[in-house]
Amino acid sequence: MKRSTINQIIREGDEFIRSFGYIMPPFAYWTPGQMKDRADDMQGLIKAGMGWDITDYGQGKFDELGLFLFTTRNGDAADLTKGTGMLYAEKIMISRKDQISPMHRHNVKAEDIINRGGGTLTLELFSPAEDGSIDEKADVTVPVDGVMRTLPAGGILRLDPGESVTLMPGIWHAFWGEGADVLIGEVSTVNDDKTDNVFRDPIGRFSTIEEDEDPLYLLVSDYDKYFG
């Protein structure tokens, strides 16, 4: 993706988020220079991967296959083994109309996916087979706002604004906006986007960026380059 395209997606996404009365944390608007100046006191933010995340999954067709994310808080995966500490994470996301977030599962993360407003949030769901692959025959059962729903393999779940689904580790899912763009909330176990995403197809988690202009704000995938 071109950096100019990413910058424009951020501007449009920020406006969309604000239209629902959601206010981003102050660090969302720190420029790259301000982040460098504060590098010493924001190591926790960098390590946690908090911030902007615009991905086309390395496929170069964001409008068809992509997702807008911003991680507002995230704990430490090491705490999971201890069972105490900050064991949770939160994201705000935008799934554009008919824009696919591709089929994937998580090994560790459990997550609530919440339709915060806009169109219908539509998910395709599968249960995992014993080896973790997609089970093409088994039903899949998920809590929708705490009420259990059972669908056939590959069943379609539609969530209207205000509705949510809980996806436990292993549940395969793809999702997209139907009818209009969708504002999505995610509340989850500690999030590790570098190691805890297993995709059905061989694609990447982050975008390859063509630097045709300066970044408006840094993406989480920029942190290694800027901060080491």
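## Aromatic pairs and cavities

Reader: How many aromatic pairs does a search of the whole structure find?
Author: The search finds ten aromatic pairs, where rings of Phe, Tyr and Trp (its six-membered ring) pair if their centres lie within 6.5 Å, with planes under 30 degrees apart counted as stacked, over 60 as edge-to-face and the rest as tilted. This is a predicted model, in which local features need pLDDT of at least 70 and side-chain atom pairs count only at pLDDT 80 or more, while totals for chains, interfaces and linings use all residues. Residues are numbered from 1 along each chain as its sequence is written, and side-chain values use heavy atoms, with hydrogens and water left out.

Reader: Why is the pair of Phe27 and Phe70 called what it is?
Author: The planes of Phe27 and Phe70 are at 35° and the ring centres 5.4 Å apart, so the pair is tilted. Phe27 sits in the loop between helix 1 (3–18) and helix 2 (32–37) and Phe70 in strand 2, so the pair ties together parts that are 43 residues apart in sequence; helices (H or I, at least four residues) and strands (E, at least two) are DSSP runs, numbered from the N terminus.

Reader: Buried or exposed, those two, Phe27 and Phe70?
Author: Both Phe27 and Phe70 are buried, meaning under 20% relative accessible area, with exposed being over 50% and partly exposed in between (1.4 Å probe, protein chains only).

Reader: And what about Trp52 and Phe68?
Author: Trp52 and Phe68 form an edge-to-face pair, 5.9 Å centre to centre with 85° between the planes. Trp52 is buried, with a relative accessible area of 2%, and Phe68 is buried, also with a relative accessible area of 2%.

Reader: Which residues do ring pairs link into a cluster?
Author: The cluster linked by ring pairs holds Phe27, Tyr29, Trp30, Trp52, Phe68, Phe70 and Tyr217.

Reader: Changing topic, how many cavities of 30 Å³ or more are there?
Author: There are two cavities of 30 Å³ or more. On a 1 Å grid over the protein atoms alone, a cavity is a set of points where a 1.4 Å probe fits but cannot get out, and lining residues have an atom within 4 Å of a point.

Reader: What lines the second largest cavity?
Author: The second largest cavity, with a volume of about 40 Å³, has a lining that includes Phe27, Trp30, Trp52, Phe70 and Tyr217.

Reader: And which residues lie nearest the centre of the largest cavity?
Author: Leu67, Leu69, His104, His106 and Asn197 lie nearest the centre, among 18 lining residues, and about 140 Å³ of space lies in that largest cavity.

Notes. On a 1 Å grid over the protein atoms alone, a cavity is a set of points where a 1.4 Å probe fits but cannot get out, and a pocket is an open set with protein on both sides within 12 Å along at least five of seven lines; lining residues have an atom within 4 Å of a point. Grid points are joined across faces, edges and corners, and a volume is the space filled by probe spheres set on the points.
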